[in-house]
Amino acid sequence: MSAPASADSRAAGRRSDLLSLGSFVMLGLPDGMLGTAWPAMRGTFGAPVGDLGLILLIATAGSVLVTTFVGRLIQRLGVPALLAAAGTVAGLGYAGFALAPGFWLVLAASVLTGASAGMLDAGLNTAVALTGRARLLNLLHGFYGVGTAIGPLVITAAILTGSWRPAYLALLVIDLVVAAAWLRQRQRLGAPPARTEQAAEPDTHPSGQWSSRRYRGVVAAGLTVFFVYTGLEVGAGQWEASLCRDHLNMSAGATGLAVFGYWGALTAVRIGLAVLPRPIRPQVVVSCGIGIAVLAAAVIWWQPGVAVTVLGFVVLGGALAGVFPALISLTPVRLGGQRAQHVISWQIGSAAAGGAGVSAIIGLLIGATSLAALGPAVTVLAVLLLTAELALRKLAPAAPAAPAPPAAPTPPTSPVSPTAPNPPASPAPPTTAAPPPPDQA
């Protein structure tokens, strides 16, 4: 009986992995579409060019709001049900985009699209991080890059047919298909157990002995790291085209290739880290990535020449690529699975706020001075990221796990089982038999 059960478990895990990767492509698609669609969209509604910021602001607010309680939603619903709900909410939001008679409905629908993105992003990052599968985390974020790369092509094809609206109708259909697939996966895996089944499990992670002051400090430092990281990644990516076109005097075609180089390096390195024969430890990825990012940002500030400046952006994208997934995978190691189940979703919310907020601040700075301010801005952000990560490392060192005794092989755990899976082994005394299950409090 064990062989068929093991085969079923592996098949369920493969289905979950494929659905997870497809879901992250869907997460990236609308992010890649919106900027390209905006000139045609604002022409339809007669909206000023700056109103794109309103869409981004409202969507970010919806995302940040929902990530504050994603951990509890995972406990109550299970990950597949949460992701099915995210796909349904996204479909409703993009139906609003496609059918909007006026710009007001686009703004209202942005709340739904932001909330769905927060549920999907935080839900999958939390579920995969708690399994300790760093390769899959890198692949997830690499596939997000695939979605952002495809997005402009999808919206351009729609515009060439006469309207931007069919692209959002296509998003509606695909989101509902993905939601149905996750619902089917939940039926295969079964409903999550009652919360009381695991409520009595003790917290054996060393962080359970921390003072409340230290715990709050670790959480605050982690949220700061994610806020600054995403501000740097998104800010550099959004403003590179303006710098290349209007400050470095590059042609439109060369500018497009330069921006593709930044996002392409980000995506390629993430996928590369996932397929390496021997994975690199997450802390090494974080330290090396941030260190190289500081140097690349300094080159962008220096601007010794057009080609070298563009190369600086490419190196910056490649350096940042592995940092976000590695930081996510380190959270259960630092805090244990019980706390990480909630904290990871807060980190995703902080990242969403940083991506929108810091990019807007850079825009205000450029408006008050000139595009030359982008170089100093990304350099300061890179140094702040380095400082915040060093503070986080001092407060909560990501020490290697204690050696575990040999155990009989067990079937692989699906990253999206009805309840959040057990976290990877964390630094604990040798007498600790296994990592604690997710907190049910």
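Reader: How do you know that the span of helix α11 agrees with its 16 residues?

Author: In this predicted model, helix α11 runs over residues 306–321, and at 1.5 Å a residue its 16 residues should span 22 Å; the end C-alpha atoms are 23 Å apart, which agrees. The buried residues of α11 include Phe313, Leu316 and Leu320, and what covers the buried residues includes α8, α9, α10, α12 and α14.

Reader: What makes Tyr229 and Phe324 an aromatic pair?

Author: Ring centres must lie within 6.5 Å to pair, a rule that gives 10 aromatic pairs. Tyr229 and Phe324 are 5.7 Å apart, centre to centre, with 45° between the planes, and the pair is tilted. Tyr229 lies in helix α8 and Phe324 in helix α12, so the pair ties together parts that are 95 residues apart in sequence.

Reader: Why is the pair of Tyr262 and Trp263 called edge-to-face?

Author: The ring centres of Tyr262 and Trp263 are 5.0 Å apart and the planes stand at 80°; because planes over 60 degrees apart count as edge-to-face, the pair takes that name.

Reader: Why does Tyr262 count as buried, and why is Trp263 called partly exposed?

Author: Buried means under 20% relative accessible area and exposed over 50%. Tyr262 has 0%, so Tyr262 is buried, whereas Trp263 has 27%, which lies in between, and Trp263 is therefore partly exposed.

Definitions and conventions: Residues are numbered from 1 along each chain as its sequence is written. This is a predicted model: local features need pLDDT of at least 70, side-chain atom pairs count only at pLDDT 80 or more; totals for chains, interfaces and linings use all residues. Side-chain values use heavy atoms; hydrogens and water are left out. Helices (H or I, at least four residues) and strands (E, at least two) are DSSP runs, numbered from the N terminus. The expected span of a helix is 1.5 Å times one less than its number of residues. Buried means under 20% relative accessible area, exposed over 50%, partly exposed in between (1.4 Å probe, protein chains only). Contact means heavy atoms within 4.5 Å. Rings of Phe, Tyr and Trp (its six-membered ring) pair if their centres lie within 6.5 Å; planes under 30 degrees apart count as stacked, over 60 as edge-to-face and the rest as tilted.
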